[in-house]
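Please keep the sequence and the model in view while reading.

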Amino acid sequence: MLDTTSKIKGYCLITGASQGIGRAISYEWASRGVSIVAVAIDGASLKELKEEVESTYDVSCITLTKDLLNPDTPQEVFDWCMENNIDVQVLVNNVGLGSSGSFEDTSIAFDISLVKLNIFPMIQLTKLFLPVLKKFDKSYILNMSSLGSYRPIPYKALYTASKAFIYSFSKAISSELKEDSVQVSVSCPAGVYTNADTVRRIKVSGTIAKWTSLYADMVASSIVNGMLRGKDLIIPGKGAKLLKVLMMLMPENVNRWMVGRNMKRNRRAV
Ligand SMILES: NC(=O)c1ccc[n+]([C@@H]2O[C@H](COP(=O)([O-])OP(=O)(O)OC[C@H]3O[C@@H](n4cnc5c(N)ncnc54)[C@H](OP(=O)(O)O)[C@@H]3O)[C@@H](O)[C@H]2O)c1
């Protein structure tokens, strides 16, 4: 454990904390003595998270049952924290929706939800909590992107575009906020075994996907270590790091052709 965590007196607010990577990041911060504000929709999963965290670690875990697709939710979360004297020192913008399939096959309602959920809560929460984060000598923001942010991926068009937005936004504000001691990190994991759909997709995606994919607890540990070490980019796992280098060495159109062919084949298998 890095000694830095002893300096974290405020709370860690995590969106999409009831399942998957968000849940694992909640445990990871709690294991380092940081109290949690967990935001998600499913009250039963959040209750279970609270019970497990508070019975295992000497921290509190506050749960807020909220739909982040509602554009008023970030303001409500912020107001609730202000009214209850909850100072957020670590903000983890994790919530996100995945997709795979041909762009023309998804409904416009789904497409809009994906863009809304992947991008707007991050912008709103970051803007709202910045004055609070700047009160601390050192504070942290983590935005959840994906290895897919580096290259356009056919059959994941909107997903990778939304993750490229998160990557670019995070890197830019990381420079803007350097002098304010707000550490902004962006994480770009490859596949992570989380919900059933993602697990199924990883399993049919061939050797490279299996070789680079990790479990959520491994990703969470890498992310929290990276944040505390002041990294602006966190790619969990050696396999994913190597894959990123190979992707960047390959001409974009060749990479897109290869990945697109693979995605098309896998689509039939899912
Ligand atoms: N899994 C991967 O392979 C992978 C790889 C790279 C990046 N990522 C990114 O990592 C993040 C987490 O992915 P994951 O695989 O852990 O997802 P997950 O297992 O599906 O969990 C998503 C979390 O978000 C919550 N959520 C969903 N819609 C919500 C809404 N409208 N309002 C509030 N909370 C909502 C869910 O809980 P409720 O249902 O209770 O709301 C759940 O806690 C996403 O941004 C994803 O794009 C994932």
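## Ile36 and its contacts

In this predicted model, Ile36 touches Tyr11, Cys12, Ile14, Ser26, Trp29, Ala30, Val53, Val59, Cys61 and Ile62, leaving aside residues up to four places away in sequence. Ile36 also belongs to the largest nonpolar core, which holds 60 residues, and together with Ala38 and Val88 is one of the three that touch the most other members. Helix α8 (residues 216-228) gives the most to this core, contributing seven residues.

Five of the five residues of strand β2 (residues 36-40) are buried, so the strand is largely enclosed by the rest of the structure. In a regular strand the side chains alternate between the two faces of the sheet. Both faces of β2 are covered, with Ile36, Ala38 and Ala40 buried on one side and Val37 and Val39 buried on the other.

Strand β1 (residues 11-15) pairs with β2 in the parallel sense over four bridges, and within this pairing Cys12 has Ile36 as its bridge partner. The chain passes from β1 through α1 to β2 in a right-handed β-α-β crossover. Strand β3 (residues 61-65) also runs parallel to β2, joined to it by five bridges, and Ile62 in β3 stands opposite Val37. A right-handed β-α-β unit is likewise made by β2, helix α2 (residues 43-56) and β3.

How values were computed:
Residues numbered from 1 in each chain as written. Predicted model: local features only at pLDDT ≥ 70, side-chain atom pairs only at ≥ 80, totals over all residues. Core = buried A, V, L, I, M, F, W, Y, C linked by C-beta atoms within 7 Å. Buried ≥ 20, exposed ≤ 12 C-beta atoms within 10 Å, placed from the backbone. Helix = DSSP H or I, 4+ residues; strand = E, 2+ residues; numbered from the N terminus. Contact = placed C-beta atoms within 7 Å. Pairing = 2+ DSSP bridges. Right-handed = clockwise from strand over helix to strand, strands pointing away.
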